[in-house]
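Please look over the structure shown here.

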Amino acid sequence: GGNSIFNKDPRDLDRDLEVGEEMIRIDGHTHPYNTAANHITVFARFDPATGNVERLQWALSRLQNNRGNTIRPRGIAADAEGRAYVTGVAASHIANRGEIYINDTLVDPENASGAFLLVTSPDWRSRDTWVVFGRGSAIGVDVRDGRYALVAETSGEMITTENAIYPHNEDSPESNAYLMVVD
């Protein structure tokens, strides 16, 4: 239910990280309460000179009854401004799950799980983006020169893509790869 070694200062395990300073909480998806044995994620930025935690944030999905649920990271990157880019698979609802549209299409609201991309603000106190692309798992992310790219594998339809070169894998429609580049 949120008790974890990751809530501690790695240089002094008797000291909890300060919520609001070192440990950044935005909402219930960044605060690991009401959880069971599900997989959840923690990511952090460290000062390279001292090894001190500068920022730490949890990420987890939530069931409709607000119990914590699994989120598994598959890739992480950071940009020069300080944003963290985390990608993977969420087993249930992320924040605003029923309100995610891509190309004016609501992304599979009946299926809460799927490939996700989470982008923090530079100070990590808000999210620039958190989106689920549909069934599957996002397996990597990279960022450079103000652009980022995400790679995902899908099972079934993923998202609507306008003018896609190959809109789906005709030989195996239940298994596809997806590449997204954002300027």
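His29 lies in the loop between strand S2 (12-16) and S3, where strands are DSSP runs (E) of at least two residues and helices are DSSP runs (H or I) of at least four, numbered from the N terminus. His29 is buried, with a relative accessible area of 11%; buried means under 20%, exposed over 50%, and partly exposed in between, with a 1.4 Å probe and protein chains only. In sequence His29 and Ala59 are 30 residues apart, yet their C-alpha atoms are 5.6 Å apart in space.

This is a predicted model, in which local features need pLDDT of at least 70 and side-chain atom pairs count only at pLDDT 80 or more, while totals for chains, interfaces and linings use all residues. Residues are numbered from 1 along each chain as its sequence is written, and side-chain values use heavy atoms, with hydrogens and water left out.

- Strand S3 (residues 41-46) and strand S4 (residues 53-59) run antiparallel and are joined by six bridges; two strands count as paired if DSSP finds at least two bridges between them.
- Ala59 in S4 is the bridge partner of Thr41.

**The four-stranded sheet**

- Four strands make an open sheet in the order S7-S8-S11-S12, with antiparallel pairing.
- Strand S7 (71-78) and strand S12 (127-132) each have a single partner strand, so one side of each has no neighbour in the sheet.
- From one strand to the next the twist averages 15°, with axes taken as lines fitted to C-alpha atoms (for helices over the stretch in contact) and angles running from 0 to 180 degrees between N-to-C directions.
- Strand S8 (residues 84-90) pairs with strand S11 (residues 114-120) in the antiparallel sense over six bridges.
- Thr87 stands opposite Leu117 in S11.
- In a regular strand the side chains alternate between the two faces of the sheet.

**Nonpolar cores**

- The largest nonpolar core has 31 residues, of which Phe116 and Leu117 touch the most other members; a nonpolar core is a set of buried Ala, Val, Leu, Ile, Met, Phe, Trp, Tyr and Cys residues joined through side-chain atoms within 4.5 Å.
- S7, S8, S11, S12, S13 and S14 each supply at least two residues of this core.
- S11 gives the largest share of this core, five residues.
- Another core, of five residues, lies apart from it and has Leu17, Met23, Val53 and Trp58 among its members.
- In soluble globular proteins, nonpolar side chains tend to be buried together.

**Salt bridges**

- The count comes to nine salt bridges, each defined as a side-chain nitrogen of Lys or Arg within 4 Å of a carboxyl oxygen of Asp or Glu.
- Asp16 and Lys8 form a salt bridge of 2.8 Å, N to O; Asp16 is partly exposed at 46% relative accessible area, and Lys8 is partly exposed at 26%.
- Arg15 and Asp9 meet in a salt bridge of 3.0 Å, N to O.
- In that pair, Arg15 is partly exposed at 27% relative accessibility, whereas Asp9 is buried at 11%.
- Arg83 and Asp79 meet in a salt bridge of 3.1 Å, N to O, and Asp79 is buried with a relative accessible area of 15%.
- Asp79, Glu81, Arg83 and Asp128 are linked in a network of salt bridges.

**Surface patch**

- Ile5, Phe6 and Leu13 make a nonpolar surface patch of about 310 Å².
- Patches are made of residues with over 30% relative accessible area and no salt bridge, with like charges joined within 9 Å and nonpolar side chains (Val, Leu, Ile, Met, Phe, Trp, Tyr) within 5 Å.
- Accessible areas come from the Shrake-Rupley method with a 1.4 Å probe, and for residues only the protein chains shown count as cover.
- Ile5 is in the segment before strand S1 (8-9) and is exposed, with a relative accessible area of 52%.

**Positive phi angles in loops**

- Most residues other than glycine have a negative phi.
- Asn66 has a positive phi near 75° and lies in the loop between strand S5 (61-62) and strand S6 (68-69).
- Asn66 is partly exposed, with a relative accessible area of 35%.
- Asp145, also not a glycine, has a positive phi of about 55°.
- The loop between strand S13 (136-144) and strand S14 (147-154) holds Asp145, which is exposed at 75% relative accessible area.
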